[in-house]
Amino acid sequence: MEIGLVGMLRAAWMAGIMPIVIASLPYSRLGLFHGVVLEFAKRGKIKQSSSHYKFTVPQRFFSHFYVVAVIWTTFLLLTMWIYASLVSEPYFYSNVSSHLPGGSNIFPFLKLHFISTERSCDSWLSMFLLLLMEVQVLRRLLETIYVFNYNPSARMHIFGYLAGLFFYVAAPLSLSSACVADAFIFSANEVTRFIFKGKGSMRATEFDWWDFVNPLMKLGWCQWFGAAIFFFGWIHQLRCHAILGSLRKHGRRNDEYVIPCGDWFDIVSSPHYLAEIVIYAGMVFASEGADLTIWLLFAFVVANLVFAAAETHRWYLHKFDNYPSNRFAIIPFIY
Ligand SMILES: NC(=O)c1ccc[n+]([C@@H]2O[C@H](COP(=O)([O-])OP(=O)(O)OC[C@H]3O[C@@H](n4cnc5c(N)ncnc54)[C@H](OP(=O)(O)O)[C@@H]3O)[C@@H](O)[C@H]2O)c1
């Protein structure tokens, strides 16, 4: 099951990355393909100039992404926490197997878990990455509700909407793919055991914050440096979103656009996209860079946001004659 899930996630990221990369190649023959991919990716102010309003949904539906993301990430976090806490207790296997009819033969995979400290490390690392994801999607949910003032006529393509929903299911899964399948099987067995043997067969666990915090404290410098990169991007995205949200206050209409200034807006046109890339780079660093699925997730985020930023930059240059000429699209001094 693990190989299946990981394989499917990798295939899905590749399927998302390839069309964007091909559409970004500077060949005039790809113009039509570029147009099709762009039509799916356009939203808000960029889509205003588009004549195709068929198959679109309001851009404020962005909040749905983060509702799904918060619920799903919280669920994965809880599943992983139960798994990580029990896996890291070596005496648990003998206790459990002695309570089961048929002993370890019924749950042979359990033995594997409880003798493998490497697995235990993986699960705490996955939990740490999921915690970072939770911090990100919780803030994004609040921003879509309280910070952004979406233009009522702003739309996005239904394909972009479905891709967004998929992203926030697949991204937390990818961050924890090293052991999420094991965690699911383990939890399913715990529930099965509870149903067939009753509460008495369950291990009496007392909630102790220290049990939760202690293993996280043992994570290495990669995790903490990755977290520092993550929060560097996180804080700048918070500021840039506050700037975007403030543009329509002070009596301005909800369909009015102005040139944003301040924070990273002084260097690039889409600093909130740049900050998102920094946030995911932090997660890659925290994962120690050894997981291809997380690299593919990161590659998708970069491809998607660089593509959107290029179009946003073109839109600003076209819309405002006085647009600052020293601003780059998304990567300072490069692009
Ligand atoms: N992880 C990923 O793959 C991924 C993908 C997409 C987005 N995101 C993240 O989600 C966040 C929001 O993305 P988004 O594409 O919705 O951002 P956006 O298009 O820049 O829009 C954000 C809000 O700001 C408003 N706005 C933007 N520029 C404005 C201007 N010049 N004047 C007045 N209002 C302006 C928009 O209005 P309109 O609606 O009228 O345009 C919208 O309400 C970003 O931080 C991004 O990184 C992540």
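Trainee: Of the 335 residues of the protein, what percentage count as buried?

Mentor: The model is a predicted one. Within this model, 33% of the 335 residues count as buried.

Trainee: What does the secondary structure of the protein come to?

Mentor: There are 12 helices and 2 strands. Along the sequence they follow the pattern α-α-β-α-α-α-α-β-α-α-α-α-α-α.

Trainee: Among contacts between residues at least 6 apart in sequence, what percentage join residues at least 24 apart?

Mentor: The figure is 82%. Individual pairs come later.

Trainee: Which residues does UniProt list for "transmembrane region"?

Mentor: The unreviewed UniProt entry lists residues 12-40, 61-84, 162-186 and 292-310. Two of these can be set against the model. Residues 61-84 are 96% helix and 0% strand, with end C-alpha atoms 35 Å apart. Residues 292-310 are 100% helix and 0% strand, and there the end C-alpha atoms lie 27 Å apart.

Trainee: How should I read the length and the buried residues of a helix such as H10?

Mentor: Start with the general geometry. An α-helix has 3.6 residues a turn, so residues three or four places apart point the same way. H10 has 26 residues and reaches 37 Å from first C-alpha to last, close to the 38 Å expected at 1.5 Å a residue. Its buried residues are Gln223, Gly226, Ala227, Phe230, Gly233, Trp234, Gln237 and Cys240.

Trainee: Which residues have the most contacts inside the largest nonpolar core?

Mentor: The general idea comes from another class of protein: in soluble globular proteins, nonpolar side chains tend to be buried together. Here the largest nonpolar core has 62 residues, and those with the most contacts inside it are Leu129, Leu132, Leu274, Met283, Leu305 and Ile330. At least two core residues each come from helix H1 (2-24), helix H3 (62-87), helix H6 (117-146), helix H7 (158-175), helix H8 (180-197), H10, H11 and H12. H11 gives the largest share, 10 residues.

Trainee: Leaving aside neighbours within four places in sequence, which residues is leucine 305 in contact with?

Mentor: Leucine 305 is in contact with Tyr273, Glu276, Ile277 and Ile330.

Trainee: Which of the residues around the ligand come nearest?

Mentor: The shell holds 23 residues, and Gly44, Asn151, Ala154, His272 and Glu276 come nearest. Two or more shell residues come from each of helix H10 (221-246), helix H11 (271-286) and helix H12 (292-319). By class, 13 of the shell residues are nonpolar, 6 are polar and 4 are charged.

Trainee: Where does alanine 281 lie?

Mentor: Alanine 281 is in helix H11. It counts as partly exposed because 18 other C-beta atoms lie within 10 Å, and the cut-off for buried is 20 or more. Alanine 281 and glycine 226 are 55 residues apart in sequence but 7.7 Å apart in space, C-alpha to C-alpha. Leaving aside neighbours within four places in sequence, alanine 281 is in contact with Ile229 and Phe298.

Trainee: Why does lysine 47 count as buried?

Mentor: Lysine 47 counts as buried because it has 22 C-beta neighbours inside 10 Å. This lysine lies in the loop between helix H2 (31-41) and strand E1 (56-58). Beyond neighbours within four places in sequence, lysine 47 is in contact with Lys42, Arg155 and Met156.

Trainee: How far apart in space are histidine 64 and threonine 144?

Mentor: They are 9.3 Å apart, C-alpha to C-alpha, and 80 residues apart in sequence. Histidine 64 lies in helix H3. With 16 other C-beta atoms within 10 Å, histidine 64 is partly exposed.

Trainee: What should I make of a positive phi?

Mentor: Most residues other than glycine have a negative phi. Aspartate 263 has a positive phi, near 45°. That aspartate lies in the loop between H10 and H11, and it counts as partly exposed because it has 18 C-beta neighbours inside 10 Å. Phenylalanine 333 also has a positive phi, about 65°. Phenylalanine 333 is in the segment after H12 and is exposed, with 8 other C-beta atoms within 10 Å.

Key. Residues numbered from 1 in each chain as written. Predicted model: local features only at pLDDT ≥ 70, side-chain atom pairs only at ≥ 80, totals over all residues. UniProt positions renumbered as here; feature names shortened; annotations may be inferred. Helix = DSSP H or I, 4+ residues; strand = E, 2+ residues; numbered from the N terminus. Near = placed C-beta within 6 Å. Nonpolar A, V, L, I, M, F, W, Y, C, P; charged D, E, K, R; others polar. Core = buried A, V, L, I, M, F, W, Y, C linked by C-beta atoms within 7 Å. Buried ≥ 20, exposed ≤ 12 C-beta atoms within 10 Å, placed from the backbone. Contact = placed C-beta atoms within 7 Å. Expected span 1.5 Å × (residues − 1).
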